[in-house]
Amino acid sequence: MAKVLVVDDEPNIVLSLEFLMEQAGFEVVTAEDGEQALARVHDSQPDLLLLDISLPGISGFDVLERLRSEAATAQLPIIMLTAHGRDVEREKGMALGADDYITKPFSTQSLVEKVKALLIEEQP
């Protein structure tokens, strides 16, 4: 079973994403800020990360940058989540190495499809 790490500081978003990913057949681990996200990546070794940009402390962009700079996590599939639909943020996320980008509110079906597509790409 693939493991998805959900990182968001809004409990309602975490709960809904956790439920959605579990219903889609994934194991779910959660974190509420950037520090926790980095710790969970190393402890839990998720197969994919759903990462909010606006986090307290270390931003999602900073988490993304750190993960991409480490050999062990450089290829980890990461989908950025944000309430901001601005093209500048999307471009920054993609430039830093995000695999995809979803603006809240998002289509649950679309998100599940993107997660499944990225996990299939990762299969050896």
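Colleague: Is Asp52 buried or exposed, and how do I read that?

Modeller: Asp52 is buried, with a relative accessible area of 3%. Buried stands for under 20% relative accessible area, exposed for over 50%, and partly exposed for what lies in between (1.4 Å probe, protein chains only). This is a predicted model, in which local features need pLDDT of at least 70 and side-chain atom pairs count only at pLDDT 80 or more, while totals for chains, interfaces and linings use all residues. Residues are numbered from 1 along each chain as its sequence is written, and side-chain values use heavy atoms, with hydrogens and water left out.

Colleague: Where is Asp52 found, and which residues does Asp52 touch?

Modeller: Asp52 belongs to strand β3, residues 48-52. Strands (E, at least two residues) and helices (H or I, at least four) are DSSP runs, numbered from the N terminus. Leaving aside residues up to four places away in sequence, Asp52 touches Val7, Asp8, Asp9, Gly60, Leu81, Thr82 and Lys104; touching, or contact, means heavy atoms within 4.5 Å. With Lys104 there is also a side-chain polar contact of 3.3 Å. A polar contact is a pair of N or O atoms within 3.5 Å; within protein, one must be able to donate a hydrogen and the other to accept it, and residues adjacent in sequence count only if both atoms are side-chain atoms.

Colleague: Which residues does Val115 touch?

Modeller: Val115, in helix α5 (residues 108-122), has a relative accessible area of 0% and is buried. Not counting residues up to four places away in sequence, Val115 touches Val4, Met21, Phe26, Leu48, Leu50 and Ile79. Val4 lies 111 residues from Val115 along the chain, with 8.8 Å between their C-alpha atoms. Ile79, in strand β4 (residues 78-82), is likewise buried, at 0%. Among the contacts of Ile79 are Leu48, Leu50, Tyr101, Val115 and Leu118. The C-alpha atoms of Ile79 and Leu118 are 9.2 Å apart, and 39 residues separate the two along the chain.

Colleague: Which residues of helix α2 are buried, and how are they placed around the axis?

Modeller: An α-helix has 3.6 residues a turn, so residues three or four places apart point the same way. In α2 (residues 34-44), Gly34, Ala37, Leu38, Val41 and Ser44 are buried. They fall within an arc of 160° seen down the axis, so they line one face of the helix; the arc is that of the directions from the helix axis to the C-beta atoms. Exposed Glu35 and Asp43 sit on the face turned away from the buried side. The cover over the buried residues includes β1 (3-7), β2 (27-31), β3 and α3 (60-69).

Colleague: What is found at the start of α2, and what follows the helix?

Modeller: At the start, a side-chain oxygen of Asp33 comes within 3.2 Å of the backbone nitrogen of Glu35. Gln45 follows α2, with a positive phi near 45°.

Colleague: Which residues line the largest pocket?

Modeller: Rolling a probe the size of a water molecule over the atoms shows where empty space is left. Here the lining is Val41, His42, Gln45, Pro46, Glu70, Ala71, Ala72, Thr73, Ala74, Gln75 and Leu76. A pocket is an open set of points, on a 1 Å grid over the protein atoms alone, where a 1.4 Å probe fits, with protein on both sides within 12 Å along at least five of seven lines; lining residues have an atom within 4 Å of a point. The volume is about 170 Å³, taken as the space filled by probe spheres set on the points, which are joined across faces, edges and corners.
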